[in-house]
Amino acid sequence: MSSASKTPLLDQVKTPGDLRRLAEKDLPQLAHELRQETIDAVSVTGGHLGAGLGVVELTVALHWVFDTPRDRLIWDVGHQAYPHKIVTGRRDRIRTLRQGGGLSGFTRRSESVYDPFGAAHSSTSISAGLGMAVARDLMDGDNNVVAVIGDGAMSAGMAYEAINNAGARNSRLIVILNDNDMSIAPPTGALSAYLARITSSGTYFRVRDIGKQLANRVLPESWERRAARVEEYTRHLWQGGAWFEELGFYYVGPIDGHNLDHLLPVLKNVRDAKQGPILVHVVTQKGKGYAPAEASADKYHGVNRFNVITGAQDKPKPNAPSYTKVFAESLINEARTDEKIVTVTAAMPSGTGLDLFGKAYPERTFDVGIAEQHAVTFAAGLATEGFKPFCAIYSTFLQRAFDQVVHDVAIQRLPVRFAIDRAGLVGADGATHAGSFDLAYLGCLPDFVLMAAADEAELRHMVATAVAIDDRPSAFRYPRGDGVGVELPDAGVPLEIGKGRIVREGSAVAILSLGTRLQEALQAADQLAGFGLSATVADARFAKPLDTDLIRRLAGNHEVLVTVEEGGLGGFGAHVLHHLAETGQLDRGLKVRTLTLPDVFIDHDKPEKMYAAAGLDADGIVRTVFAALGREKLAQDLAGRA
């Protein structure tokens, strides 16, 4: 006899349509079951947990009140969307999250009709929602558009721009501000919930509009303005929200985001309001309902697989320090003797290692929030006054500030140092977080020094190099994860700008590697030796300026030259090929192949599988060499064996 299900209500919910058929009294129990299912699923896959636990009740309420997918529901970033995925037909695949061939860790249009907008970078939801609302109006539609955005995401300029535009347009748009950290307004409670319910009601909207119409008709203009302000500030006295009102939003809240008795009536009211943009301020607790998450400093924002009972995460013991930690410790060492070194991060102090620097030098560490554009120009301002700013931003997030990198840093030749973490493929986060493009989008900028570390010792030297470069911008890139286990020098030594190094001497084949593919290049050389082909392996160190002497030596003394990089088209290999063509070094029959990431967005998987599929592992390099030599049959055999 089978045991009773632990999730009897959730078992009935295959789609939000099923959820809407449940009685309102059953929703708290459904939320409890949904929370347990989310915890259990993420314990198997790892991923973002705390944010999802914080919006379980909100997820249930939104899908119960609104007619999704006809009503558009947009989750900003997508960290919090796992409960949403469970109730939108994906529960049977939820334990494939972030696994090869499985569900994405973020919302994704190709994955479900319930994901109207793909999101993995923050602060886009209001802009996208406004676009959908305007499109609806152009088609004379009547569906609702709801954007859920966190208080942290509201720190980004893009969110402000969208709010400003939405308020000016007066389109019917509902924004849910999920405040789970820096509570903007006073604490929630019964009085706050009562006021939110009353001020979001149709009766209140009608009385408010009648009052405004009367003021328009019978009162002098000064009295009309005065009456409007009395109405606004009566609410603001209790609730806050004046800032949103000034930008044209009708503000409701704050309300307890875990109390369905508070949430449901307010959401019903704003759903039915024939009103311009409305902002509902919901206060939630990140990690809600799971004691280990509630007790953790980061509320289990991102976790490895873990034991549900104890909360203990399955963290493999590293064989070497992480690149992020090596960067942080190297910079701390440099800062001990150089008081001009300062650091800037955009809401990622722990992810970039600047939390360690901040502990050592709190007055020289600046977290500007989710505002990469501001971070870059802020760093540029510091550089104008003689400081040495290190702007530590993931490759995928630095894309958001490209205009500032060009105009505010590069054109002015300001010595801002960019520490680019998460270069190359990042595994479970997939295409949205891959550092695929920085070599291309920075390599095209004049007078920009661009380095890539082959191992953790090289990274330490590149930090020292960046400190020494004081006449132009520079960047050094390094991957996520642990180093390769080389011995770390006590202190970094500045490298000669634009000079690479020969790591292994050979004669027939030259492999010129940029970044941490160097280990695969050395393994490829070993394999080629087994086939009687002697290979030179070189570490370029610099994508810009190129080591033209090294390239000339490799091109002149070898039959085949293969470049290898952890980046997309238009990067290091393109610069090498351009140089060879411009200087006539291709005219003598040199066989050149440039190995890059393929020209596609690569889905999430284990990094080693992703690099193998891209042909950027040792086997891929060997296959490329044999194909270049015209030994296609052998190359095909090797490909089949791989």
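A crossing of two helices is right-handed if the near helix is turned clockwise from the far one by less than a right angle. In this predicted model, the crossing of α4 and α12 is right-handed. The crossing of α4 and α5 is right-handed as well.

**Helix α4 with α12**
- Helix α12 spans residues 260-272 and packs on α4 at an angle of about 35°.
- The axes of α4 and α12 lie 10 Å apart.
- From α4, the contact takes in E57, L58, A61, L62, W64 and V65.
- Their partners in α12 are L260, L263, L264, L267, K268 and R271.
- By class, this contact of α4 with α12 holds nine nonpolar and three charged residues, with no polar ones.

**Helix α4 with α5**
- Helix α4 covers residues 56-65, and helix α5 covers residues 82-90.
- The two pack at an angle of about 40°, and their axes are 9 Å apart.
- On the α4 side, V56, T59 and H63 take part.
- On the α5 side, they meet P83, H84, V87 and T88.
- The contact of α4 with α5 has three nonpolar residues, four polar residues and no charged ones.

**Helix α6 with α7**
- Helix α6 runs over residues 125-138, and helix α7 over residues 157-169.
- Their packing angle is about 25°, with 8 Å between the axes.
- Angles under 35 degrees count as roughly parallel, so α6 is roughly parallel to α7.
- I126, S127, L130 and V134 are the α6 residues in this contact.
- They meet M158, A159, A162, I163, N165, A166 and R169 in α7.
- Eight residues of the contact of α6 with α7 are nonpolar, two are polar and one is charged.

**Cavity**
- The model has one cavity of 30 Å³ or more.
- The largest cavity contains about 30 Å³ of space.
- Its lining consists of A346, M348, T352, A392, I393, Y394 and F397.
- Strand β10, residues 388-394, gives the largest share of that lining, with three residues.
- The lining of the largest cavity divides into six nonpolar residues and one polar residue, with no charged ones.

**Cis peptide bonds**
- The bond from T68 to P69 is cis, with omega near 5°.
- P69 sits in the loop between α4 and β2.
- The bond from G253 to P254 is also cis, with omega near 0°.
- P254 belongs to strand β5, which spans residues 250-256.

**Positive phi**
- V77 is not a glycine, yet its phi is positive, at about 65°.
- V77 is placed in the loop between β2 and α5.

Conventions. Residues are numbered from 1 along each chain as its sequence is written. This is a predicted model: local features need pLDDT of at least 70, side-chain atom pairs count only at pLDDT 80 or more; totals for chains, interfaces and linings use all residues. Side-chain values use heavy atoms; hydrogens and water are left out. Axes are lines fitted to C-alpha atoms, for helices over the stretch in contact, and angles run from 0 to 180 degrees between N-to-C directions. Helices (H or I, at least four residues) and strands (E, at least two) are DSSP runs, numbered from the N terminus. Angles under 35 degrees count as roughly parallel, over 145 as roughly antiparallel, 65 to 115 as roughly perpendicular and the rest as oblique. Contact means heavy atoms within 4.5 Å. Ala, Val, Leu, Ile, Met, Phe, Trp, Tyr, Cys and Pro count as nonpolar, Asp, Glu, Lys and Arg as charged, and the others, Gly among them, as polar. On a 1 Å grid over the protein atoms alone, a cavity is a set of points where a 1.4 Å probe fits but cannot get out, and a pocket is an open set with protein on both sides within 12 Å along at least five of seven lines; lining residues have an atom within 4 Å of a point. Grid points are joined across faces, edges and corners, and a volume is the space filled by probe spheres set on the points.
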